[in-house]
Amino acid sequence: MNLQAIEAFVLSHQLGSISAAAKHMQKNRAQLSQWISNLEIDWNVELFTRSGHKPVLSEQGLKMLPLCEQMLKAQNHLSQQVEQIAQQGCFRLNLGVSSFLQDSTVAKILSRFNHAYPNVDLKIFQRRDELLLNWQGPKLDLAICFYRDAFPNDYTIEPLCEMPLVAVCSATHPLTKEKSPNLQQVLSYTWVTILASSNTQVWDPDSIQRQIEVEQHSLAIELCRQGVGVFVGQQQQLIPYIKSGELKVIAHNDAIANEQLGLVYSKHASPNPTLQALIKVCKAEFNNESSA
């Protein structure tokens with residue numbers, strides 16, 4: 001079905017003549033006349049009466065006009081949607097997130113992005129940083145992770161900020177009685193770790209004699225508070241417990257260490273507008289956190 005022919009029919013009625021419709025569409029009059037004649041043949045109807053100089057809708061034309069107007073509106077709506085899709089670049093993004101990051105921080109980012117792009121589906125993969133940097137699953141459009149000194153050279157890394165990580169234990173833990181415990185002493189105790197993250201890089205995780213692995217930070221912190229073991233987490237996340245005296249920073253030189261957090265995405269494809277918007281939201285969120 002020729003949508004231009006339908007537009008020619010509607011405009012000829014609205015503007016009062018086929019010539020005016022042709023001028024509006026930047027076509028010649030003969031072409032529009034042929035288009036309208038073809039519609040009448042295809043539909044087996046008479047759209048205009050052929051008496052007089054101006055087109056007058058026939059009885060059948062009067063019935064067809066609102067249907068054609070609705071069709072043109074639908075076509076215009078479709079064009080707008082196609083343009084929106086083209087501008088956004090996609091309606092789905094796969095986002096990798098370091099499981100070391102606080103859920104509240106990730107939620108703020110996703111909330112701001114969802115408000116601006118409500119039609120974009122997001123799939124979030126919370127994994128260890130080394131898994132995100134050597135990803136074997138569905139293609140990631142972006143990863144927010146700690147990258148340290150080395151990362152695959154086919155990735156672009158945009159630094160976000162440094163985040164201090166701290167090793168803590170409960171105020172009643174035997175380590176609090178050690179003034180300067182050595183590495184072997186620290187690793188000899190039970191450690192509480194996050195199942196989805198490798199959060200003991202400063203300490204050699206292979207040398208830890210016993211671990212209790214959990215999936216949620218809240219449970220890991222609670223186990224640490226109860227004196228079950230040593231835990232390494234974001235300093236920002238642990239400060240309330242340290243200030244209250246429930247948790248103590250281990251008296252070791254490596255108990256507090258800074259990790260580099262960054263945005264990671266492929267060098268082989270330029271970020272589409274939707275991905276650029278997500279990157280912008282991430283940068284704004286961590287800039288706010290850094291200045292807070």
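This note comments on one helix and on the salt bridges of a predicted model.

1. Helix 5 covers residues 103–116, which makes 14 residues.

2. The buried residues of helix 5 are Thr105, Val106, Ile109 and Phe113. Because these residues cover an arc of only 100 degrees around the axis, they lie on the same side of helix 5.

3. Side chains of opposite charge can pair when their charged atoms come close. Five salt bridges are found in a search of the whole structure. One of them joins Lys283 to Glu158, with 2.5 Å between the closest N and O atoms. This pair links distant parts of the chain, since Lys283 belongs to helix 10 (residues 273–291) and Glu158 to strand 6 (residues 155–170), 125 residues apart. Lys283 counts as partly exposed, at 32% relative accessibility, whereas Glu158, at 18%, falls under the 20% limit and therefore counts as buried.

4. Arg225 forms a salt bridge with Glu222, at 2.9 Å from N to O. Both residues lie in helix 8 (residues 217–225); they are three residues apart and therefore separated by about one helical turn. Arg225 is partly exposed, with a relative accessible area of 30%, and Glu222 is partly exposed at 30%.

5. Arg225 also meets Glu246 in a salt bridge, at 2.5 Å from N to O. Here distant parts of the chain are linked: Glu246 is in the loop between helix 9 (235–244) and strand 10 (247–249), 21 residues from Arg225 in helix 8. Glu246 is partly exposed, at 32%. Through shared partners, salt bridges join Glu222, Arg225 and Glu246 into one network.

Notes. Residues are numbered from 1 along each chain as its sequence is written. This is a predicted model: local features need pLDDT of at least 70, side-chain atom pairs count only at pLDDT 80 or more; totals for chains, interfaces and linings use all residues. Side-chain values use heavy atoms; hydrogens and water are left out. Helices (H or I, at least four residues) and strands (E, at least two) are DSSP runs, numbered from the N terminus. The expected span of a helix is 1.5 Å times one less than its number of residues. Buried means under 20% relative accessible area, exposed over 50%, partly exposed in between (1.4 Å probe, protein chains only). The arc is that of the directions from the helix axis to the C-beta atoms. A salt bridge is a side-chain nitrogen of Lys or Arg within 4 Å of a carboxyl oxygen of Asp or Glu.
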